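Open your viewer and get ready to click along. We will stop at a few places, and at each one you will hear what to select and what is there.

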Amino acid sequence: MINFNYTIWIFLLPFLMFLFLGLAGHKYFPRLSGILGTCGLAVITVLSYITAYKYFFTSEKVDGAYQKIIAFNFTWLQFTDKLHIDIGALLDPISVMMLIVITTVSLMVHIYSLGYMKGEKGFERFFSFLSLFSFSMLGLVLATNIFQMYIFWELVGVSSFLLIGFYYQKPSAVRASKKAFIVTRFADLGFLIGILILSFNTKTFDFITLTNPTGPAIAQGSGIAFLGLSVMTWSMIFVFMGGVGKSAMFPFHIWLPDAMEGPTPVSALIHAATMVVAGVYLVARMFPIYALSAPVALNVVAYVGAFSSLFAAVIACTQTDIKRVLAYSTMSQIGYMMLALGVAGYGGHEGLGYMASMFHLFTHAMFKALLFLGAGAIIHAVHSNYMTEMGGLRKYLPITHITFLIACLTIAGIPPFSGFFSKDEILAAAFHSNKILFAVEYAVAGLTAFYMFRLYFSVFWGKDINYHQTPHEAPATMTIPLIVLAVGCLVSGFIPFNKLVTSDGKILESEIELMIAIPSVLIGLLGIGIAYLMYVKESAIPDKLAATFKYGYKWAYNKFYIDELYLFVTKKIIFRYISDPVAWFDRHVVDATMNGIAGITQGVSFRIRGLQSGQLQKYAFVFITGAIMLAILFIYLWK
Amino acid sequence: MNSGIPLQYFLILATIMFFAGVYGFLTRRNLITILMSVELILNSVNINFLAFNRYLYPHKLEGMFFSLFVIAVAASEAAVAIAIIINIYRRFTTINVEDVNEMKF
Amino acid sequence: MDILSLFVVIPVLTITAILLLKDTRQVRLVSAFGMGLQLLMAASLVFLYLTARHAGNNDEMLFIKDYLWFKSLNIHYAVGVDGISVAMIMLTSLVVFAGIFASWEVEFLRKEFFISLILLASGVFGFFISIDLFTMFLFYELAVIPMYLLIGIWGTGPKEYSAMKLTLMLMGGSALLLVGLLGIYFNSSPDGNRLTFNILEISKVVIPLPDQRIFFPLTFVGFGVLGALFPFHTWSPDGHASAPTAVSMLHAGVLMKLGGYGAFRVAIFLMPEAAHELSWIFIILTSISIVYGAFGAIAQKDLKYINAYSSISHCGLVLFAVLMMNQTAMNGAIIQMISHGLMTALFFALIGMIYGRTHTRMIYEMGGLMKIVPFLSVCYVIAGLASLGLPGLSGFVAEMTIFVGAFQHPELFYRIVTILAVSSIVITAVYILRVIAILLLGPTTNEHFEHLPDAKWFEKISVVTLIGSVAAIGLAPFWLSTMIGTSLHPIIEKIIALNPF
């Protein structure tokens with residue numbers, strides 16, 4: 001048994017860093033705090049790589065399967081004898097893989113931010129929030145039980161809120177942060193209800209007990225039916241709702257594009273590489289339950305994923321804000337991962353989708369972070385977010401150009417870049433399980449290549465635009481992370497995921513199926529070709545197309561009016577038809593009743609106060625009359 | 001012993017005086033008149049005391065003493081009342097009870 | 001002199017000292033000293049309590065003292081504490097301590113203000129230490145009366161109206177309560193022994209069920225009025241809005257908890273059968289409180305109103321959890337009382353400080369305060385996050401304990417209602433973020449506010465005390481949870497013995 005006790009520092013260090021920078025950074029060393037934060041994260045990155053090495057290559061396997069190791073665990077809050085929230089670290093293939101993803105991307109983003117955020121007001125605040133985020137995200141992936149995951153789930157939500165609203169004086173940023181928090185909070189409500197149902201039926205929060213494929217938890221609850229579905233299915237659908245919110249799947253995707261109001265490094269870290277894949281991670285974490293006990297819920301996962309990926313890809317083709325294009329592309333790629341999980345089964349070759357999903361999560365983190373950081377470098381140079389205000393930048397930004405091109409090729413699925421391998425596995429998994437979903441994903445692959453190269457060509461090629469200042473390449477602190485991540489894009493495709501990360505921890509034999517790989521590369525190339533024709537050749541085709549499919553284009557450009565629908569529901573229904581009437585009811589019915597009681601008392605007392613006139617003679621009159629009447633009573637009637 | 005005026009006469013006189021006093025107390029609005037009515041009531045009671053004392057317990061003196069007490073109390077009461085009335089008059093320039101209502105409500 | 005009575009004696013001594021003072025500037029120093037001493041006492045009480053428990057003392061109540069007070073009715077002055085009351089005493093002393101600093105700048109009739117405030121506090125302390133129903137009721141009334149003066153004299157807005165409304169509604173509640181308590185008293189000894197007011201003795205007998213059916217609702221509603229039970233909550237928005245800062249803090253932070261504590265300690269503990277039988281009615285009412293309060297808060301424009309409605313929602317959760325009658329939910333109810341007490345006091349303190357600077361409480365008249373008064377704003381955000389249940393702050397611990405506990409209820413009806421109550425966390429997020437966005441973030445809307453000073457030292461003491469406690473509970477809930485949990489055992493055992501679920 002290898003000692004993993006030191007993993008506690010993977011949590012503690014960023015948390016301490018957050019407290020330290022947040023409380024003291026402002027006063028004593030605003031400049032130094034960036035470097036301090038980055039160094040702290042570097043230590044964590046090293047620890048994570050050591051952990052990964054030790055876990056994958058030196059830990060013991062049982063029956064050829066990687067074991068789940070509890071590095072440490074202590075009870076944080078005891079509910080009942082069986083239900084208690086623990087805080088601990090669970091090491092298994094996916095959590096260790098996530099450690100690598102998070103720390104690598106986070107470190108790159110830290111270094112990049114040293115340059116990008118230089119001179120911004122609130123520099124130390126930025127780094128303390130980043131530390132808070134790293135802490136929460138690491139806690140999330142290392143969670144030993146579902147409630148610990150929920151705790152950190154909320155914490156990443158709040159760090160995302162704080163970072164989106166980093167420019168707190170900008171009304172659009174404030175709106176976006178609020179929206180992100182509330183939408184994900186609503187989804188988290190589902191997560192919490194799912195946890196409650198799950199815990200009621202299984203009497204445990206613990207992941208190892210819950211997901212043990214031969215354990216009692218899986219069998220429990222699947223028998224009890226409620227409204228036609230088993231209780232387990234209900235709880236898994238509710239839990240998935242949390243994942244839908246955090247991973248910006250349809251219909252809770254609306255916060256993600258707006259979240260691009262945050263600083264670009266934040267978009268790269270939180271809204272592309274790490275936090276938004278938490279939903280995928282959640283499903284993967286609970287996968288045995290989904291696969292063995294709630295297949296209906298797993299189907300929901302597949303269809304939501306497929307629909308979201310198509311939906312987002314269509315919208316991405318029409319957007320002009322480069323960060324928004326990337327945001328929709330993120331949503332689309334996460335849809336891929338969800339779909340892959342949804343079509344997978346537990347163990348053996350059935351588990352191909354699971355492996356593919358994790359593989360894609362890994363490669364996606366690399367290339368999407370690279371895309372966002374590249375976009376940040378572009379925005380840094382041009383001071384605009386809009387493609388229409390860019391063009392011909394390849395001369396000015398050579399390093400950014402090359403790395404961005406690599407990222408685009410990766411996401412388009414061109415070999416030998418990593419995206420090709422992971423996407424191919426997903427398509428293969430879909431092909432073997434559901435042909436309709438496969439067709440959808442195949443089309444999305446083409447769309448992806450198209451919109452990414454639309455972005456690439458219109459930014460780096462095309463005609464030169466008269467910039468106010470000549471754009472210049474970003475400083476080394478920003479370009480080094482780009483180069484590192486580009487290398488990551490090249491290399492990560494060759495990591496043998498089928499040996500390391502599989503649904504049951506055993507080695508999965510898989511090879512590239514040429515029948516699927518070749519057409520997928522072809523459709524990628526087709527997409528790139530169309531983009532080339534439309535955006536480099538200066539043709540009028542895009543405008544013509546837009547004119548031909550006028551309504552379709554308009555709908556897609558306006559994101560299918562989902563935002564307006566939400567706005568309608570919140571502003572009109574919740575505010576106008578629920579809250580205001582409640583407030584009115586409270587003032588004019590409940591309170592009025594209380595005031596009414598007081599009023600009646602007062603009114604009656606006004607009526608009868610004439611009796612208490614204060615005139616002695618009236619009292620005396622009443623008194624004497626009474627006395628006489630009593631006298632008569634006693635003398636004549638009381639015989 | 002029984003020669004002279006019968007007891008009923010005293011009682012009738014006292015009753016008339018009592019109700020005259022009550023009537024005056026209830027209807028008059030002038031403080032002095034009200035005070036005078038109270039004196040009437042008190043004196044009617046005195047007459048009753050004396051009459052009953054004389055006719056029922058001729059060898060005892062409690063009735064006499066009681067009426068002496070009543071006279072003394074009435075005298076002091078009149079003194080206090082008149083002092084108050086004078087003060088009221090100084091302040092309100094009236095001794096009509098209905099006008100003296102500053103403390104009401 | 002036993003340690004518990006000191007909690008009443010120290011405030012009285014402080015009041016006497018203030019009365020003797022000539023210089024009004026020293027008044028606040030003396031008050032701060034007195035209440036600081038009280039805080040130290042509370043801390044040492046926690047310590048003594050834990051030591052005694054650790055030493056193996058398993059009595060239901062510790063530090064019991066009993067003096068006969070009025071022989072013919074068998075009224076005693078009886079005090080004693082368990083983990084729950086120790087925690088509530090700690091909460092009270094924290095809030096009072098912070099309240100003294102929050103009202104550092106009261107100018108008008110300063111001496112009288114502090115006297116009333118401390119008198120109020122001594123009533124609350126007395127309530128928590130008593131185990132005799134009569135003394136408990138006495139202290140309860142003692143706490144309500146200074147409230148009238150504090151709001152009526154030092155308040156803002158329609159203060160006389162609000163003070164009158166608050167006092168009358170609470171008095172109405174006490175009238176019901178008194179009937180309930182007398183009902184318990186006259187049933188306290190079915191064997192024909194002496195009647196008693198002592199809670200521990202009453203808990204050993206079983207009050208006949210027909211009597212429970214009458215007196216449980218009376219007692220519960222009587223305490224419920226103070227705990228803002230729907231539809232008897234309307235004193236709360238007006239009262240809070242008119243009250244001066246420290247009074248809002250004390251009122252929402254501590255006085256409303258008297259309701260929850262009383263409902264738990266008297267109504268449910270002494271009459272569990274009726275509580276079990278009638279709980280569904282009150283569960284419905286409290287669920288309405290929870291959701292309705294939260295929706296009500298969304299529509300408000302005045303900071304104090306928002307907070308008052310939010311308090312209705314959160315206090316509804318306390319009564320809701322108490323009625324679930326199982327260990328976890330009740331544990332959650334107590335933690336929620338403490339957590340809500342701290343964070344709502346924090347809210348009201350901050351609102352008072354913001355109002356002291358901007359002279360308005362209307363959120364639309366302010367904006368972008370984060371840039372102008374960063375310290376206060378950051379604290380406000382922390383309070384808001386605590387209120388919407390962010391892990392790491394106390395609100396999360398309390399709410400999750402309640403939800404998990406309530407969801408373990410074996411009957412489906414209760415679980416469905418729990419889901420309804422859970423949905424309040426989203427609504428809470430909506431109104432909290434709405435306020436934060438309008439009030440603190442965005443560009444500065446009013447240029448008159450641009451040179452407002454940030455927090456002064458005494459304001460910082462007040463706020464940091466509260467935030468520290470909120471974070472301490474949020475980060476390390478186990479000790480509090482365990483302390484309450486062990487004290488709940490005898491109570492739960494009694495309930496379960498009578499109602500085998």
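Start by selecting helix 10 (residues 245-270) and helix 13 (residues 327-358) of chain C, which pack at an angle of about 165° with their axes 7 Å apart. Axes here are lines fitted to C-alpha atoms, for helices over the stretch in contact, and angles run from 0 to 180 degrees between N-to-C directions. Helix 10 of chain C is therefore roughly antiparallel to helix 13 of chain C; angles under 35 degrees count as roughly parallel, over 145 as roughly antiparallel, 65 to 115 as roughly perpendicular and the rest as oblique. The helices themselves (H or I, at least four residues) and strands (E, at least two) are DSSP runs, numbered from the N terminus.

Before clicking on, note that this is a predicted model, in which local features need pLDDT of at least 70 and side-chain atom pairs count only at pLDDT 80 or more, while totals for chains, interfaces and linings use all residues. Residues are numbered from 1 along each chain as its sequence is written, and chains are lettered from A and ligands numbered from 1 in the order in which they are written.

Which way does helix 10 of chain C pass helix 13 of chain C? The crossing is right-handed. That word is used if the near helix is turned clockwise from the far one by less than a right angle, and left-handed if anticlockwise. Show the residues where the two helices meet: among them are C:A252, C:G253 and C:G260 in helix 10 of chain C, and C:G341, C:A345 and C:A349 in helix 13 of chain C. Contact means C-beta atoms, placed from the backbone, within 7 Å.

C:L317, C:A321 and C:M324 of helix 12 of chain C make the contact with C:I402, C:G405 and C:A406 of helix 16 of chain C.

Most residues other than glycine have a negative phi, and most peptide bonds are trans. Is C:M325 buried or exposed? C:M325 is buried, with 23 other C-beta atoms within 10 Å; a residue is buried if 20 or more lie there, exposed if 12 or fewer, and partly exposed in between.

Jump to A:H383, in the loop between helix 16 and helix 17 (398-412) of chain A. A:H383 also has a positive phi, near 60°, but this residue is exposed, with 12 other C-beta atoms within 10 Å.

Two cis peptide bonds come next. One joins A:F250 and A:P251, with omega about 0°, and A:P251 is in the loop between helix 9 (231-246) and helix 10 (255-258) of chain A. Another runs from C:F230 to C:P231, with omega near 0°; C:P231 lies in the loop between helix 8 (209-226) and helix 9 (235-242) of chain C.

For the last stop, select A:A369, C:L346 and C:L350, which touch the most other members of the largest nonpolar core, a set of 425 residues. Such a core consists of buried Ala, Val, Leu, Ile, Met, Phe, Trp, Tyr and Cys residues joined through C-beta atoms within 7 Å. Helix 16 (residues 352-382) of chain A gives the most to this core, with 21 residues. Around A:A369, look for its contacts, including A:V105, A:M108 and A:L485.

Methods. Lists of a residue's contacts leave out its neighbours within four places in sequence.
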